[in-house]
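Reader: Could you walk me through this one before I set anything up? I would like to go through the fold and the aromatic contacts.

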Amino acid sequence: MKAWFAALLIGLFSLNCFAAIDGKFVQKDNLFPRVKINTSKGALVVELDRMRAPITVNNFLTYVANGDYKGSVFHRVERDDANEKDFVIQGGGYDKDYDGMFERAPIFNESGNGLRNDMYTIAMAYQDSKPHSATRQFFFNMNDNDHLNPGKGWGFAVFGYAVEGTDTLDAIMRVETDYNKKLGYSFIPKEPVIIFNMEVLEEQQ
């Protein structure tokens, strides 16, 4: 009986150790939490807008709080060459070998929240023609990308913006890209741009 009880306690302890931290409880009363993103090209800080994009922010914070972005990369650094403009930097979904990483359940698209895909904002990526398929991949707008905003159809949900370290984003935008056979695209950095970790900063008073 004692052995069975001990085994039960160990099992409950193990389950508790592996239970995911839910982002909605991360600074739950803070409408504008800040997250520092440490990368191989430098650091940046994003301020999230939980007031306008609560589902998206809480989802992002779930990945951050559980260390799920550690070791992921920015796999997409794309320019709009036809218009001689920068476009987006996308990441969070692949490791340095460009293998896909663990995904949680997809979330509802909050693109109608009034936030626009302007330069240095952060937004969720989703699968083509599947607006409610976003999981962990996000992107930074590196220009005012009006065509990514909702119109008659769904757009891409903006949920914050870079408040520090825009020079880091500019540096990532300048990395050399090439065709990657595994992913099948030509906007893949030749040398992986790694996200070392993300951390939620102390709430501002």
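**Strands, helices and rings**

Author: Strand 5 (residues 121-124) and strand 7 (residues 158-164) run antiparallel and are joined by three bridges; bear in mind throughout that this is a predicted model.

Reader: Which residue in strand 7 is the bridge partner of Ile 122?

Author: The partner of Ile 122 there is Gly 160.

Reader: And what sheet do those strands belong to, in what order?

Author: They are part of a closed barrel of eight strands with antiparallel pairing, in the order 1-2-7-5-6-4-3-10. On average, and with direction ignored, neighbouring strands of this sheet are turned by 35° against each other.

Reader: Which strands does helix 2 lie across?

Author: Helix 2 lies across strand 1 (34-39), strand 2 (42-48), strand 5, strand 6, strand 7 and strand 10 (193-200), and it runs at about 105° to strand 10. Helix 3 (residues 166-173) also packs on the sheet, where it touches several strands, including strand 3 (72-80) and strand 4 (85-95), and its direction makes about 90° with that of strand 4.

Reader: Switching to the rings, how many aromatic pairs are there?

Author: The count comes to 12 aromatic pairs. In one of them, Phe 60 and Tyr 69, the ring centres are 5.4 Å apart and the planes stand at 40°, so this pair is tilted.

Reader: Are those two buried or exposed?

Author: Phe 60 and Tyr 69 are both buried.

Reader: What about Phe 60 with Phe 138, and why is that pair called edge-to-face?

Author: The planes of Phe 60 and Phe 138 are at 85°, with the ring centres 5.6 Å apart, and because planes over 60 degrees apart count as edge-to-face, the pair gets that name. Phe 60 sits in helix 2 (residues 54-65) and Phe 138 in strand 6 (residues 138-141), so the pair ties together parts that are 78 residues apart in sequence. Both of these residues, Phe 60 and Phe 138, are buried.

Reader: Which residues do the ring pairs link into a cluster?

Author: The cluster consists of Phe 60, Tyr 63, Tyr 69, Phe 74, Phe 138, Phe 140 and Phe 159, linked by ring pairs.

Reader: Last one: where is Arg 174?

Author: Arg 174 is in the loop between helix 3 and strand 8 (177-180), and Arg 174 is exposed, with a relative accessible area of 64%.

Technical notes
Residues numbered from 1 in each chain as written. Predicted model: local features only at pLDDT ≥ 70, side-chain atom pairs only at ≥ 80, totals over all residues. Heavy atoms only, no water. Phe/Tyr/Trp six-rings, centres within 6.5 Å; stacked < 30°, edge-to-face > 60°. Buried < 20%, exposed > 50% of the residue type's maximum accessible area, 1.4 Å probe, protein only. Helix = DSSP H or I, 4+ residues; strand = E, 2+ residues; numbered from the N terminus. Pairing = 2+ DSSP bridges. Axes fitted to C-alpha atoms, helices over the stretch in contact; angles between N-to-C directions. Contact = heavy atoms within 4.5 Å.
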